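Let's take a walk through this model, one contact at a time. Keep the viewer open as you read.

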Amino acid sequence: QVQLVESGGGLVQAGGSLRVSCAASGRAFSSYAMGWFRQAPGKEREFVAAISWTGRSTNYQDSVKGRFTISRDNAKNTMYLQMNSLKPEDTAVYYCAAGNGWPARWDYWGQGTQVTVSS
């Protein structure tokens, strides 16, 4: 069992940067693949980025490639999403997830953190 808590969301102007974090508690954080998803109002939840349990492999949605960077610190049981050059269309609730395998099957979810990008 893994419990996930996101933090770091907020309001930022277009073109700005923000870093969201996902703190994990429970067993064997370092053995899980981790991912970020987001859900905008009136839209389905969508994949943003994922990172393997070692951190050696990453995957991104095309719209965030070159702007967002996913990383993890297994010693701190924490995952990060650095978001640069933010756009209004990045506005959403951002969720972190943990899962097994690669590509991962997502088994655990956080409650989400709101990111709002103003134009």
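What follows goes from the sheet to the side chains and then to the backbone.

First, some ground rules. This is a predicted model, where local features need pLDDT of at least 70, side-chain atom pairs count only at pLDDT 80 or more, and totals for chains, interfaces and linings use all residues. Residues are numbered from 1 along each chain as its sequence is written, and side-chain values use heavy atoms, with hydrogens and water left out.

Start with the sheet. Four strands make up an open sheet in the order β1-β3-β8-β7, and their pairing is antiparallel. Strands here are DSSP runs of E with at least two residues, numbered from the N terminus, and two of them pair if DSSP finds at least two bridges between them. At the edges you'll find β1 (2-7) and β7 (68-73), each pairing on one side only. On average, neighbouring strands of this sheet are turned by 15° against each other, direction ignored; the axes behind that are lines fitted to C-alpha atoms, and angles run from 0 to 180 degrees between N-to-C directions. In general, strands of a sheet pair through backbone hydrogen bonds, either parallel or antiparallel.

Now zoom in on one pairing. Strand β3 (residues 18-26) and strand β8 (residues 78-83) run antiparallel and are joined by six bridges. If you want a landmark, look for S21, which stands opposite Y80 in β8.

The link of C22 and C96 is right-handed, with 55° about the S-S bond. It connects distant parts of the chain: C22 belongs to strand β3 and C96 to strand β9 (residues 92-100), 74 residues apart. Are these cysteines buried or exposed? C22 counts as buried because its relative accessibility is 0%, and C96 is likewise buried, with a relative accessible area of 0%. The scale calls a residue buried under 20% relative accessible area, exposed over 50% and partly exposed in between, with a 1.4 Å probe and protein chains only.

Next, over to strand β4 (residues 33-39), the place of R38. R38 has 5% relative accessibility, so this arginine counts as buried. Which side chains does R38 meet through polar contacts? One is E46, at 2.7 Å, and another is Y94, at 3.0 Å. A polar contact is a pair of N or O atoms within 3.5 Å; within protein, one must be able to donate a hydrogen and the other to accept it, and residues adjacent in sequence count only if both atoms are side-chain atoms.

On to the rings. Rings of Phe, Tyr and Trp (its six-membered ring) pair if their centres lie within 6.5 Å; planes under 30 degrees apart are stacked, over 60 edge-to-face, and the rest tilted. By this rule there are four aromatic pairs. F37 is buried at 9% relative accessible area, while F47 is partly exposed at 25%. F37 and W106 have ring centres 5.6 Å apart and planes at 80°, so this pair is edge-to-face. With F37 in strand β4 and W106 in strand β10 (residues 105-109), the pair ties together parts that are 69 residues apart in sequence. F37, F47, W106 and W109 form one aromatic cluster.

Charges meet rings too. The charged end of R45 sits over the ring of Y95, 3.8 Å from its centre, and that of R72 sits over the ring of F29, 4.6 Å from its centre. The test asks for NZ of Lys or CZ of Arg within 6 Å of the ring centre and within 35 degrees of the ring normal.

Finally, the backbone. Most residues other than glycine have a negative phi, and most peptide bonds are trans. W102 and P103 are joined by a cis peptide bond, with omega about 0°, and P103 is found in the loop between β9 and β10. N77, in the loop between β7 and β8, has a positive phi near 55°.

Notes: Disulfide = S-S within 2.5 Å.
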